[in-house]
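Please look at the sequence and the model before reading on.

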Amino acid sequence: MPEILKLNGGQKHRYKLYYFDIKGRGEPIRLIFEFFRVKFEDVRVKFEDWPTLKKKAPMQFLPYLEVDGGKLVISQAPAIMRYLAKSFRPGFAGNSKSDAALVDMYGEGAFDMFDVFRTIGMAPDDRREEALAEATPRLECFCQCYTNHLKKNGNRYIDGDLVTWADLVIVFVLSATDDLANSILLKYPDLCRYYLRMRDIDELRDYISANWKVTTIKMKDP
């Protein structure tokens with residue numbers, strides 16, 4: 001039974017997400033809670049508090065998720081996304097083993113690409129352009145691979161006509177591309193349309209409008 005179902009007038013489970021007060025690898029997890037309108041405690045860890053909290057964190061890594069006061073504690077963002085996807089709606093992690101494998105592949109691939117942006121963002125100011133230039137081939141490969149897959153699916157979502165957890169990771173990574181490498185993203189108009197469509201879906205529109213930078217990308221449907 002999906003965990004999103006209400007029991008006794010309340011939410012079936014309690015969730016507590018620990019991550020720094022930045023978007024980072026915690027942002028797609030926040031998106032899945034927003035998508036399903038599931039309440040959760042969003043613990044924004046201060047960097048100076050992390051050395052103390054690190055001893056409590058499974059694998060000594062953020063993000064991590066506590067369920068029902070610690071009855072279950074999960075680390076690693078992809079594992080958390082899959083757990084919540086399977087909990088909140090059948091099919092949100094893929095409707096078959098084959099679909100789930102593709103969702104995992106593209107979702108985890110997007111997390112890998114986010115690590116590239118983290119490297120760029122952490123580069124000293126005087127090396128930022130150099131770091132971006134070094135990463136450009138990987139970014140272009142990412143954009144082309146995802147464009148090709150979306151075209152096979154009629155340019156809707158990663159798993160055809162249904163949004164999955166992978167789409168939430170991808171729209172976040174594309175927002176980082178938009179912020180740091182807008183000129184690269186603009187080379188892929190189909191991917192830009194997908195990005196704009198994901199930003200504007202009913203379940204995410206208000207959250208993104210309140211928490212993300214306004215995009216300057218404008219694309220008309222073909």
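## Helix 8 and its cover

The cover over the buried residues of helix 8 includes helix 5 (128-152), helix 6 (165-180), helix 7 (182-185) and helix 9 (205-211). Contact here means heavy atoms within 4.5 Å, and buried means under 20% relative accessible area, with exposed over 50% and partly exposed in between (1.4 Å probe, protein chains only). Helices (H or I, at least four residues) and strands (E, at least two) are DSSP runs, numbered from the N terminus.

Helix 8 spans residues 189-199, and eight of its 11 residues are buried. Among them are Leu191, Cys192, Tyr194 and Met198.

## Basis of the model

This is a predicted model, in which local features need pLDDT of at least 70 and side-chain atom pairs count only at pLDDT 80 or more, while totals for chains, interfaces and linings use all residues. Residues are numbered from 1 along each chain as its sequence is written, and side-chain values use heavy atoms, with hydrogens and water left out.

## Aromatic rings

There are 16 aromatic pairs in the structure. Rings of Phe, Tyr and Trp (its six-membered ring) pair if their centres lie within 6.5 Å; planes under 30 degrees apart count as stacked, over 60 as edge-to-face and the rest as tilted. Phenylalanine 33 and phenylalanine 40 are stacked because their ring centres are 4.3 Å apart and their planes are at 10°. Phenylalanine 33 is buried, with a relative accessible area of 1%.

One aromatic cluster is formed by Tyr15, Phe33, Phe35, Phe36, Phe40, Phe88 and Phe92.
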